[in-house]
Amino acid sequence: MSPRDLILALFVVTVWGVNFVAIRWGVDEVAPLLMTALRYTLAALPAVFFIRRPAVSWRVLIGYGFAIGVAQFGLLFMSIKLGMPAGLSSLVMQLQAFFTIGLAVVFLGERPKPVQWLGAAVAFAGIGVIATDRLEGAALVPLLMTIVSAFFWGVGNIITKQAGKIDMLGFVVWSSLVPPIPLLALSLLVEGPGAIPEAAANLTWIGGGSLLFIAYAATLFGYGIWSMLLSRYPAGLVAPFSLLVPIAGIGSAALLLGETVSGIEIAGSALVFAGLLLNVFGPRLLAGRVNPS
């Protein structure tokens, strides 16, 4: 990987980590479902008029839009609003890798390597450790919502796999047309009709800047650069950079939000990260032992 592309990869994962802090700031001023709807409205418009629709069916676009936009991020924004720490959520969301493996077994007939199942077991053991520190209902519910959010990220990954090799930026932009209307309907139902005027009255430059950061920096810029890197380099070279997202998320949350985690949460987070490392690097290490150069 060239030095320029290495810097771009590091910049993208940093942006994606800081994105969790931006979500925290955003939902402090705007109701979470409304915030998610606004995020996707900005991501779709005006980009949809300048970026060609990818060569996939509307069924795929709509399925991805519901899985990622409505379910994944709707739940994530609500969980952070309910008190899920931004830094911890950036780590828990990486469970999507294991949900993707499980769904690929069921729907795509893939057969993961034993070390990947071991990685999943270690990571979920870490989630169990974290849950023991959040057994009180008010603290446990946001954690469970974040786990379900990660599951729907896995669903979105399976839909993307079935779509084949496509322009990921175009896919993100065009699928962003799907979430705003159902999210607005859910916002009216759950958050009430007063959510919009309340947001307009309370929105500051921090909340507005966070919304722009989430829509443009994390979504359009992030996915645009990521898809460019995937087109230039093997996925096995690019994908491990995503392991840096929770590091950037936890670090930026500590720096910008003053978040701290308990000793039990640190231990659980270490297990989750160890599971992720096993999932990403374990198959290669085993392959290297079987086929030494």
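**Figure 1. Lys161 and Glu110 form a salt bridge between distant parts of the chain.** Lys161 counts as partly exposed at 44% relative accessibility, where buried means under 20% relative accessible area, exposed over 50%, and partly exposed in between (1.4 Å probe, protein chains only). Lys161 belongs to helix H7 (residues 137-163), while Glu110 sits in the loop between helix H5 (96-108) and helix H6 (114-132), and the two are 51 residues apart. Helices (H or I, at least four residues) and strands (E, at least two) are DSSP runs, numbered from the N terminus. The model shown here and in the other views is predicted: local features need pLDDT of at least 70, side-chain atom pairs count only at pLDDT 80 or more, and totals for chains, interfaces and linings use all residues. Residues are numbered from 1 along each chain as its sequence is written, and side-chain values use heavy atoms, with hydrogens and water left out.

**Figure 2. Arg4, Asp5 and Arg232 are linked in a network of salt bridges.** The side chains of Arg4 and Asp5 meet at 3.1 Å, N to O. Asp5 is buried, with a relative accessible area of 2%, whereas Arg4 is partly exposed at 48%. The structure holds four salt bridges.

**Figure 3. Arg24 pairs with Asp28 in a salt bridge.** The distance from N to O is 2.8 Å. Here Arg24 counts as buried, at 15% relative accessibility, and Asp28 is partly exposed, at 45%.

**Figure 4. Helix H1 (residues 3-27) bends at Asn19.** The bend is about 25 degrees, taken as the angle between axes fitted to the seven residues ending at a residue and the seven starting there. The expected span of a helix is 1.5 Å times one less than its number of residues. For the 25 residues of H1 this gives 36 Å, and the end C-alpha atoms are 36 Å apart, so the two values agree.

Figure 5. With 24 residues, H3 should span 34 Å; its end C-alpha atoms are 32 Å apart, which agrees. Most residues other than glycine have a negative phi.

**Figure 6. A cis peptide bond joins Leu45 and Pro46.** Omega is about 5 degrees. Most peptide bonds are trans. Pro46 lies in the loop between helix H2 (32-44) and helix H3 (58-81).

**Figure 7. The largest cavity is lined by 13 residues.** On a 1 Å grid over the protein atoms alone, a cavity is a set of points where a 1.4 Å probe fits but cannot get out, and lining residues have an atom within 4 Å of a point. Grid points are joined across faces, edges and corners, and a volume is the space filled by probe spheres set on the points. The count comes to one cavity of 30 Å³ or more, and the largest has a volume of about 80 Å³. Tyr40, Tyr64, Ile68, Val172 and Ser175 lie nearest its centre. Two or more lining residues come from each of H2, H3, helix H8 (168-175) and helix H11 (205-232). H3 gives the most, with five. The lining divides into seven nonpolar residues, five polar and one charged; Ala, Val, Leu, Ile, Met, Phe, Trp, Tyr, Cys and Pro count as nonpolar, Asp, Glu, Lys and Arg as charged, and the others, Gly among them, as polar.

Note on methods:
On a 1 Å grid over the protein atoms alone, a cavity is a set of points where a 1.4 Å probe fits but cannot get out, and a pocket is an open set with protein on both sides within 12 Å along at least five of seven lines; lining residues have an atom within 4 Å of a point.
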